[in-house]
Amino acid sequence: MRKLLVPLLAVVSLVVAGAAAGKTTTTVTISKTGYNPAAVSIVVGDAVVFKNTDTVAHTVNFNATTGVSCSAAVPLVIAAGQSASCTFSSAGKFRFSDPANNKKAFHGTITVSPSLVSSLKATPKTVVYGAKSTLDGKLASGQSGQSVQIRQQMCGETKSTTVANITTTAAGAFSYQAQPVKKTTYTLSNKGATASIVVAVAPKLHLKKVGRHRYSLKVSAAQTFVGKVATFQRFRATLHRWVKVKRVTLKKSTAGTAPTVVTSAKFRARVRAHVRVRASLGSKQVAPCYAPAHSNAIRS
């Protein structure tokens, strides 16, 4: 028996493409105290990864396997420190357990809801602060006259809030104009089914020449960037790319129309006349709530 178990553990220890095939992935951790979480809610097409953090192997067995595609044969035998995945292609409630453990903590359920949408996109996926993104899609049911609730959760917030209730048109189509002020997750719901999409936001940078070799930079967003460092760049025509001139530390912030905060800096830079220049904020300066950004390009 031990000889048969070793190769089986080696196979199940690999998390294969089944997890990647799902639209989203939820992880269930297996420890000596049981499954965590023991109750999981997903939609059709999503995947669940079972990660064994214990020092011994554990088994995951399902009461029903129709509509379940796993990275190895069920029951899954998962070696210590390894993982296995299952993707769910049909709706329903799937109970799982470890036959070797009678404790309640080694019993769980995966509730799979029908997919809400057949299509969902944000145009554009990244907006400059103050701009809008259009969320377009169609319900998988194709029904018109359906009420769809839209909730948003901005970066840094722990709860989502309802921002709109819209009604589907012909063939279940819907559209919503979103205006996020930070990276925001929008969740659409109808009859218990949900779908989510993320819209990124880049801060708005405005560069201005205020004198000979003197410039000002303003950054508008829903947070301050005091202490963050922008890069002043010039366009080098011979290389066909932007090159760094100097680093500029943002030093002052003022309140604009809520929730806007304008962070600014004034600086000097010696660049020959009539050269295209701009300012940039990289990902390390704006993360986690904003995307990298460039200012308008002007002539030195």
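A residue counts as buried when under 20% of its relative accessible area is left, as exposed when over 50%, and as partly exposed in between (1.4 Å probe, protein chains only). The structure looked at here is a predicted model, in which local features need pLDDT of at least 70, side-chain atom pairs count only at pLDDT 80 or more, and totals for chains, interfaces and linings use all residues. Residues are numbered from 1 along each chain as its sequence is written, and side-chain values use heavy atoms, with hydrogens and water left out.

Aromatic rings come up first. Rings of Phe, Tyr and Trp (its six-membered ring) pair if their centres lie within 6.5 Å; planes under 30 degrees apart are stacked, over 60 edge-to-face, and the rest tilted. The structure holds 12 such pairs. In one of them, Tyr-35 and Phe-106 sit edge-to-face, 5.7 Å from centre to centre with 70° between the planes. This pair ties together distant parts of the chain, 71 residues apart: Tyr-35 belongs to strand β2 (residues 34–36), while Phe-106 is in the loop between β9 (92–97) and β10 (107–113). Strands (E, at least two residues) and helices (H or I, at least four) are DSSP runs, numbered from the N terminus. Tyr-35 is buried because its relative accessibility is 6%, and Phe-106 is buried too, at 1%.

Phe-225 and Tyr-290 make another pair, with centres 5.7 Å apart and planes at 70°, so this one is edge-to-face. Here 65 residues separate the partners: Phe-225 is in the loop between β20 and β21 (229–236), and Tyr-290 in the loop between α3 (283–286) and β26 (293–294). Phe-225 has a relative accessible area of 0%, so it is buried; Tyr-290, at 7%, also counts as buried.

Most residues other than glycine have a negative phi, and most peptide bonds are trans. Yet a cis peptide bond joins Ala-258 and Pro-259, with omega about 10°, and Pro-259 lies in the loop between β23 (252–255) and β24. Another cis bond joins Ala-287 and Pro-288, with omega about 5°; Pro-288 is in the loop between α3 and β26.

His-213 has a positive phi of about 60° despite not being a glycine, and lies in the loop between β19 and β20. His-213 is buried, as its relative accessible area is 13%. His-240 also has a positive phi of about 60°, but counts as exposed because its relative accessibility is 65%.
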